[in-house]
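I opened the model and kept notes as I went. The entries are in the order in which I looked things up.

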Amino acid sequence: MIGQTIYIIAVLICITGLYMVIACNNYISKIVGLGIFQNSILIFYIALGKATKGIPPIYADKVDIIYSAPTPHVLMLTAIVVGFATLATALAIAMRIYKRFGSLDISILDNS
Amino acid sequence: MDWLLVIFGLLLLILNIHISRTTNVIPLILYMSASSIIITICYLLMDAPDVAMTEAALGACLSTTILLCCGEILKKENLTKHKLSFISLIGCITLGALMLYAGIDLPSYGDTQTPLHQHINKHFIEHTQNDIGITSFVAAILASYRGYDTLGETTVIITALFCVFCIINTNNQDITDHKVGTKTNSVILSKITYFITLYIVILGLYIQINGEASPGGGFQSGTILASIIIARSFFKEAIDIKYFFYLSIFGLLIYICAGILPVLGGFTFLDYTIFSAHHHTAQKIGIFIIELGIGISIFSSMSALYFLLTNFIRKIT
């Protein structure tokens, strides 16, 4: 249980982000919640790849070296860049909604 | 278990719970930036310097800039939740409990006997020095073993740029209608920017060229160099945005050329052995070319994304 603390923290951050996406009335809050949700998944994956007494995956010319796994790092690099792309697109759509309706609040948008 | 990581993880959890209960937009965005910085430190503690650099550049810096421009519109509004948000809280907690129950037999943090460390990671770690000859395993996987995925990733950023452009264009505006920059006469901004531009250029070029020997590469350097253009736009109004569009496509074309040339020479797509006789030199040349393409593409795409969004917001307020 102690050895899995970081996974428990990642799950709790994940449900915090999900709660923000579901429950908040404002579009900017939803987009930020989506970012929190995504960050928690990245923490989970990088934590899976760590090796005890390991070093970062850069070649060192010594004997008996343990490296942390490099594949999760590569996949999460892609995930961060793609997450930024979706953030920019979501913000563009939100700004068009603001221009058309004058508000980014769902309770006001539902009635108009 | 690494106690420093647990402390930062708990700090991150408390900060994120506080984010979900904030009622103003500007503090929300700034807390999100602080959360990104703490996550960067967590990545460093988990032996991931490449990911930490990318998260610091893209998550803590560029995301905050773009979100702040959009959040400035709402700075007087109060952020509320649904009337029935209690039910969704119960649902989320149930989901969290189910996920924790499913993860009871997850391996302990740092366990090296898991399948993750055995099969493909062991192959990459053992064979990179013989096959490719560069010291950074992450750069070897990103640019050589899995170069095809990185091509898709660069295309995603350019696609996002064009999507934002199509969404924001109203009434069929021409691309030259987007002017980059504002014309304030601020002496402080101009002097500071001219002073710091040289250092940012040196840092960006260093990270770009040393991407194969140390943490770094095209993505991080492109974002760092884009900050020069963004800082310059605060006080000067000169650049036409269409050049950034052309430049981003040019970067992607460099990447694709490094893949098409082997096909014309009889090899498979993105096979770098055509570039030289010695296979280590050939891999290094291939990786250098595609990192150059990625750097140019990301640099122009990030700048153009920032300009499109901020110009549009200035027009609607």
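**Conventions.** I worked from a predicted model, in which local features need pLDDT of at least 70 and side-chain atom pairs count only at pLDDT 80 or more, while totals for chains, interfaces and linings use all residues. Residues are numbered from 1 along each chain as its sequence is written, chains are lettered from A and ligands numbered from 1 in the order in which they are written, and side-chain values use heavy atoms, with hydrogens and water left out.

**Chain B against chain A.** I took contact as heavy atoms within 4.5 Å. Chain B puts 95 residues into the contact and chain A 74. The two chains bury about 7,600 Å² between them, and 77% of that is on carbon and sulfur atoms. Buried area here is the accessible area (1.4 Å probe) that two parts lose on being put together, summed over both.

I then looked for charged pairs, a salt bridge being a side-chain nitrogen of Lys or Arg within 4 Å of a carboxyl oxygen of Asp or Glu. I found one between chain B and chain A. It joins Asp47(B) to Lys50(A), with the closest N and O atoms 2.9 Å apart.

**Cysteines.** I counted zero disulfides over all chains, with a disulfide defined as a pair of cysteine sulfur atoms within 2.5 Å. Cys163(B) is in no disulfide either, and the nearest cysteine sulfur, that of Cys166(B), is 6.7 Å away.

For accessibility I used buried for under 20% relative accessible area, exposed for over 50%, and partly exposed in between (1.4 Å probe, protein chains only). Cys61(B) is partly exposed at 49%, and Cys163(B) is partly exposed at 33%.

**Helix H7 of chain B.** Helices are DSSP runs (H or I, at least four residues), numbered from the N terminus. H7 spans residues 137–145, and eight of its nine residues are buried. The buried residues of H7(B) pack against several helices, including H3 (71–101) of chain A and H12 (279–316) of chain B.

**Ser233(B).** I found Ser233(B) in the loop between H10 and H11 (242–264) of chain B. Ser233(B) is buried, at 7% relative accessible area. Its side chain reaches the backbone oxygen of Ile230(B) at 2.8 Å.

Conventions: Helix = DSSP H or I, 4+ residues; strand = E, 2+ residues; numbered from the N terminus. Polar contact = N/O pair within 3.5 Å; in protein donor to acceptor, adjacent residues only side chain to side chain.
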